[in-house]
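Me: Could you pick one spot in this model and look at it closely, then carry on to other places worth a visit? I'd enjoy a connected tour.

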Amino acid sequence: MTTTQESAIQAAAIAEIAGHFGPYGGRFVPEALIGALEELDAARLFAQTDPTFIAELAELHRTYTGRPSIITEAKRFSEQAGGARILLKREDLNHTGSHKINNVLGQALLTKRMGKKRIIAETGAGQHGVASATAAALMGLECVVYMGEEDTRRQSLNVARMKLLGAQVVPVTSGSRTLKDAINEAMRDWVTNVETTHYMLGTVAGPHPFPSMVRDFHKIIGEESREQVLALTGRLPDVVMACVGGGSNAIGIFHRFISDESVRLIGLEAAGDGVETGRHAATITGGSPGVLHGNRTYVLQDANGQTIESHSISAGLDYPGVGPEHAFLHDIGRAEYRAITDAQAMEAFSILSRTEGIIPAIETAHALAGAMQVGKELGPDAIILINLSGRGDKDVQTAAQYFGIPL
Amino acid sequence: MSTPLENLFTTVRGENRAALIAYIPAGFPTQEGCKKVIQAFVDGGVDAIEIGFPYSDPVMDGPTIQAAADQALSQGTGAKEVFEALKYATDLGVPAVVMTYWNPIEKYGVEKFAQAITDNGGSGVITPDLTIEESAAWESAVEQSEINSIYVVAPSTNDARLERVTSHCSGFVYAASLMGVTGTRTSVSSGAPDLVARIRKSTETAVAVGLGVSTREQAKGVAAYADGVIVGSAFINKLLESPDEESGLAQVRQLAKELAQGVREGR
């Protein structure tokens, strides 16, 4: 490992103690929320070393989530990726169909420990909303999910799933009526009901301790897959890849590999129609440092610091911010971020479906498209680990429309 | 040197009353309309004015101020318009501050923003989402430009933290009367007097109460224990609900008069 990289990682470890990742992260929130954030931070720090909590969560993962998730070697897909060895970490096989369950079970246990009976959540594609509604049903908590009105229309199936699970879904009609506005509305609810309510934030963004806490609930993805890849191949992968919206599945699989100098970490952002068109959600590639939703990070913003609406075919990546740890990993050069257009993602979506019999989430398809590029760059000796973060059932309507399949 | 805002609180303390502080976002209902609202505030007897910087993601604001901010943003309101409105108010001789979420300041340039407040006669800035932990760069800019930094505290802020936050405040401490977002309420939270009493234990700085005040009676009630009464959504509602600008302005003037009476009746 280079000295710069080593000291940067050390700096990250130190900075994180104060809720920062270099210049990123922190807390930019109304004072009314500080008490709740401190309570949450104390609860999660205590839980981290509490054997009862650790055992409870591990048992839930074993008997409910379905962990450890398996690794699938994608031999036919590999032919489309320069012959590189492609290993898929199957988070799509988790209960509820994505990695999101890892985080919500952890936060739901913390909610109970804090004596709160009500959770609120934001959702874009609906995956986090469904996961939150699931955890709430399992643990007997009241659940309210805020979802942009635009997204409730795009993802009506997930709205129905949440309702079946007993959650209340509130369509958000303010601003751009998408994920960012759902977060605003959830924050407003939280400011008002903070005594009884836990905000179950779904990604590694928001004010401290959310970026660290959500990462810690997802880092099991990287821990499991590092061992699995070693057992399967006898060595570490050359590249670990994941799609990045807010960045929770990416941080989850990256984290255990950050200190493995030889492993390249590549996050794939949503380029929408193309970063150059301005219609995209590639925050690191096409944004600049600023403050959004309680933390300093890369943001899509105009000259006045107003958030610019993002665009992506994938509702789950359609977000104008990104987790602060990604912003930092980018700046210190430990992780690379590339942008994948809607068209590239949909091509990869189709290829994985046809070569492996796995229909991925459109979010995840961005990572697969990235792997096709990187595989061609590195050739057949390379081992590429991809976080297959979610399954594509929820996207069948969008994909059918895209490919002109009549419904 | 004291700011016009600090001088105002010295004056109203001498008169044994509270100050009336009115909020309007720049660019609302239009940039020219905003100036007329400011004039109506002054005509109605408002003591100080908050110019809001309309922001795309206002998490501390309820539906009324969101609607006003959206309207202002759709007309392209930005920093230039905010400072223009600020100057318009201070040129009328009324102490004025800007209320803004943090990102527009950071984007504009922290030192440059503080200096622009001074250059346009402003007394300070209210920053509802800037925590004291993140405030180092802002504090030094504020000091250099000799303006007031006003932070918002809430009923959930514990005594130890109140002491720390209020030590960063000058001009006044903004006490949020309740746990919630901006907007009118049928009654002002009973938690407000308790919060103000706790604030007074930690600072000599004036305390103004905001969130939920819309009537003369409520203003009177708050004036009994606070140095300032802040009203925003109630004015904006008048403007949003009026059939035309003229009648909206007349109602703003009328409400300001009533509230100005209220802040003089509290003690």
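Reply: Happy to! Let's start at B:Ser189, which is partly exposed with a relative accessible area of 21%; buried would require a value under 20%. Please keep in mind that this is a predicted model. B:Ser189 sits in the loop that links strand E7 (173-176) to helix H9 (191-202) of chain B. Beyond its neighbours within four places in sequence, B:Ser189 is in contact with B:Ser177 and B:Leu178.

Two other loop residues of chain B have backbones to look at. Most residues other than glycine have a negative phi. B:Asn16, however, has a positive phi near 55 degrees; this residue belongs to the loop between helix H1 (4-14) and strand E1 (19-25), and B:Asn16 is partly exposed at 48% relative accessible area. Phi of B:Glu146 is likewise positive, near 55 degrees. The loop in this case runs between helix H7 (136-145) and strand E5 (148-150) of chain B, and B:Glu146 is exposed, at 53%.

Setting aside sequence neighbours within four places, the contacts of B:Ile51 include B:Ile24, B:Ile38, B:Val82 and B:Met99.

A:Ser132 lies in helix H6 (residues 127-139) and is buried, with a relative accessible area of 0%.

Still in chain A, helix H3 (residues 51-65) and helix H5 (residues 100-113) have axes that come within 11 Å and cross at roughly 135 degrees. That angle makes H3(A) oblique to H5(A). The crossing is right-handed. Among the residues making the contact are A:Phe53, A:Leu57 and A:Tyr64 of H3(A) and A:Leu105, A:Leu109 and A:Arg113 of H5(A). By class, this contact has 8 nonpolar, 5 polar and 2 charged residues.

The last stop is a pair of prolines. Most peptide bonds are trans. The bond from A:Arg67 to A:Pro68 is cis, with omega near -5 degrees, and A:Pro68 is in the loop between H3 and strand E3 (71-73) of chain A. A:His208 and A:Pro209 are also joined by a cis peptide bond, with omega about 15 degrees.

Conventions
Residues numbered from 1 in each chain as written. Chains lettered and ligands numbered in written order. Predicted model: local features only at pLDDT ≥ 70, side-chain atom pairs only at ≥ 80, totals over all residues. Heavy atoms only, no water. Axes fitted to C-alpha atoms, helices over the stretch in contact; angles between N-to-C directions. Helix = DSSP H or I, 4+ residues; strand = E, 2+ residues; numbered from the N terminus. Parallel < 35°, antiparallel > 145°, perpendicular 65-115°, else oblique. Left-handed = near helix turned anticlockwise from the far one by under 90°. Contact = heavy atoms within 4.5 Å. Nonpolar A, V, L, I, M, F, W, Y, C, P; charged D, E, K, R; others polar. Buried < 20%, exposed > 50% of the residue type's maximum accessible area, 1.4 Å probe, protein only.
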